[in-house]
Amino acid sequence: MRVHVDPSKCQGHNRCYALAPELFDVDDYGNAFERNDGVVPAGLEDKARLALANCPEFAITIEE
Amino acid sequence: MSETVYGPVTDWATDFDHGSPAYAANQHKIWDDLKNSGCPIAHTDRYGGTWLPLTHEMVHSIAYDTDHFSSEGPVVGQLKPSEVPDRIGAPIGPVPPISSDPPFHNEARRLLLPAFSPKMIDPWRDEVIEICNKLIDDMGDADHIDAALQYSQHIPVMVIARMLGLPVEDGDKFRGWVNLVLSGIGEERTEERMQKFMEFNEYLAYHVNDHKENPREDLISFLLNAEIFGEKLSLEHAVGTVILLLIAGIDTTWSGIGSSLWHLATNSVDRRRLVENPDMIPTAVEEFLRAYAPVTMARVVKEDMEFHGVQMKKEDWVLLPFPAANRDDKQFANAHEVVIDREENRHAAFGLGIHRCLGSNLARLEMNVAVEVFLQRFPDFSVDANEMVTWSTGQVRGPRTLPFVVNARA
């Protein structure tokens, strides 16, 4: 599984970083990006889905 | 609380008044009744013509459509932006960047973002914990407290005053000006009101000058040195941003904390769950943000246009009721129920699109800590049945008095 944050949609709500800091980080402006090229380590799939379901800007996508 | 200058509302679909006490008291029912009667967007001639879209889809599309909707008037007033004397118009507006439109907005916002990013805000946690505990210490061993007057209203003021570099003890003044700007939108434009605006401007001018002469490590000094498009910010821009940070940083979070505590005072099952499982607080706070979102923003229509079958006129106000979007059952399962462990929660309490609340990380920190400390110190409390809970009017909604009985303390 891979996650991706669309930087043109992210407005820095910071929900993904709060819910799944293993998968997402934020830059100096508070905008999110995926860690480790978006690769979701085994066992963290639910966290990836949780982050997706809580992004107000619909900026996160998941490739299963 | 009194009616606005426009008098009592006759019909919510065609004559609504979002500044009236009746709207503040019954807004959830008003939105439901409107939507159920086939009116997803209400109109009023009040304030020179104002629209109230109620679905998540409409609010979302207006928030994203900066080509047709300007932010130069983020708070609805009795005068249209073009009618206000000496006003700074689009794309900058009087309080950048909330009043700014692209492309100016992007630069004005970008220079502020780092100061409010998660990694700069998280270190404030210990200080907020200390502020909250001190406020509770100050209540002594009283059984009857007011959680708005003695707690929620003070927390954001103390933090933002420190960040800006303004005297923390001037909190009462700041709250007076917040009420003036945000809660008094429907009041007569009396000389007394104008006098208060003058005092606010003089106070800011004094402190800005003091920062010019004695620069220090705070946001006012930062703004006085900041550059945009290769030049220092104009004084109007810097002062406008100070006004924004002060006003927007205070009663919004005060409302968010107050509504959360009000929910816990009136829902003992939820209160007990959080006392027993404090790890659930961050998820519960997101649900309080969804269900009791304090902030409605406004836009100004740029040119005559059609929107979802209604004819909008140039300079009409359009409200963006994020709290109504958050209760749209097309977007949220059981939208009208407060589910404190709701897992899927794309709420729009901090807005949508390019104007996402700059201070959202700080607001979340303050709300989480305020709820956590309150529950630690007062594991059981309820609303005092002999007293009244009162709510603010206007575009920021939250409890302004919260008379509680403390049933247990730790």
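Which helices of chain B do the buried residues of α14(B) pack against? The legends below take up this question first and then turn to other parts of this predicted model.

View 1. The buried residues of α14(B) pack against α12, α13 (268–276) and α16 of chain B. The buried residues are B:Ala284, B:Val285, B:Glu286, B:Glu287, B:Phe288, B:Leu289, B:Arg290 and B:Ala291.

**View 2. The crossing of helices α12 and α16 of chain B.** Helix α12(B) covers residues 251–266, and its axis comes within 10 Å of that of α16(B). The two axes cross at roughly 35 degrees, and the crossing is right-handed. From α12(B), the contact is made by B:Thr252, B:Thr253, B:Gly256, B:Ile257, B:Ser260 and B:Leu261. From α16(B), it is made by B:Ala363, B:Glu366, B:Met367, B:Ala370, B:Val371 and B:Phe374.

**View 3. The largest nonpolar core.** This core holds 110 residues, and the members that touch the most others are B:Ile160, B:Leu164, B:Val318, B:Leu320 and B:Ala370. Helix α16(B), residues 360–377, gives the most to this core, with 10 residues. Leaving aside residues up to four places away in sequence, B:Ala370 touches B:Cys132, B:Ser152, B:Ile155 and B:Ile257. A second, separate core has 18 residues, among them A:Cys10, A:Leu19, A:Ala32 and A:Leu52.

**View 4. An open sheet of 5 strands in chain B.** The strand order is β1-β2-β10-β7-β3, with mixed pairing. At the edges are β1 (41–44) and β3 (69–70), each of which pairs on one side only. Strand β3(B) is joined by 2 bridges to β7(B), residues 297–301, and the two run antiparallel. Here B:Phe69 stands opposite B:Val301 in β7(B). Helix α2(B), residues 56–64, packs on the sheet and touches β1, β2 (50–53), β3, β7 and β10 (317–320) of chain B. The direction of α2(B) makes about 120 degrees with that of β10(B).

**View 5. The hairpin of β1 and β2 in chain B.** How many bridges join β1(B) to β2(B)? There are 4 bridges, and the strands run antiparallel. B:Ala42 has B:Leu52 in β2(B) as its bridge partner. Between the two strands lie 5 residues. In the turn, B:Tyr47 has a positive phi of about 60 degrees.

**View 6. An open sheet of 3 strands in chain B.** The order is β4-β14-β11, and the pairing is antiparallel. Strands β4 (144–146) and β11 (380–383) of chain B stand at the edges with a single partner strand each, so one side of each is left without a neighbour in the sheet. Direction ignored, neighbouring strands of this sheet are turned by 40 degrees against each other on average. Strand β11(B) pairs with β14(B), residues 403–408, over 4 bridges in the antiparallel sense. In this pair, B:Ser382 stands opposite B:Val405 of β14(B).

**Confidence of the model.** The model scores ipTM 0.97 and pTM 0.96. Chain B averages a pLDDT of 95, and 100% of the residues score at least 70. Where pLDDT is low, predicted coordinates should not be read in detail.

Notes
Residues numbered from 1 in each chain as written. Chains lettered and ligands numbered in written order. Predicted model: local features only at pLDDT ≥ 70, side-chain atom pairs only at ≥ 80, totals over all residues. Core = buried A, V, L, I, M, F, W, Y, C linked by C-beta atoms within 7 Å. Buried ≥ 20, exposed ≤ 12 C-beta atoms within 10 Å, placed from the backbone. Contact = placed C-beta atoms within 7 Å. Pairing = 2+ DSSP bridges. Axes fitted to C-alpha atoms, helices over the stretch in contact; angles between N-to-C directions. pLDDT = per-residue confidence, 0-100. Left-handed = near helix turned anticlockwise from the far one by under 90°.
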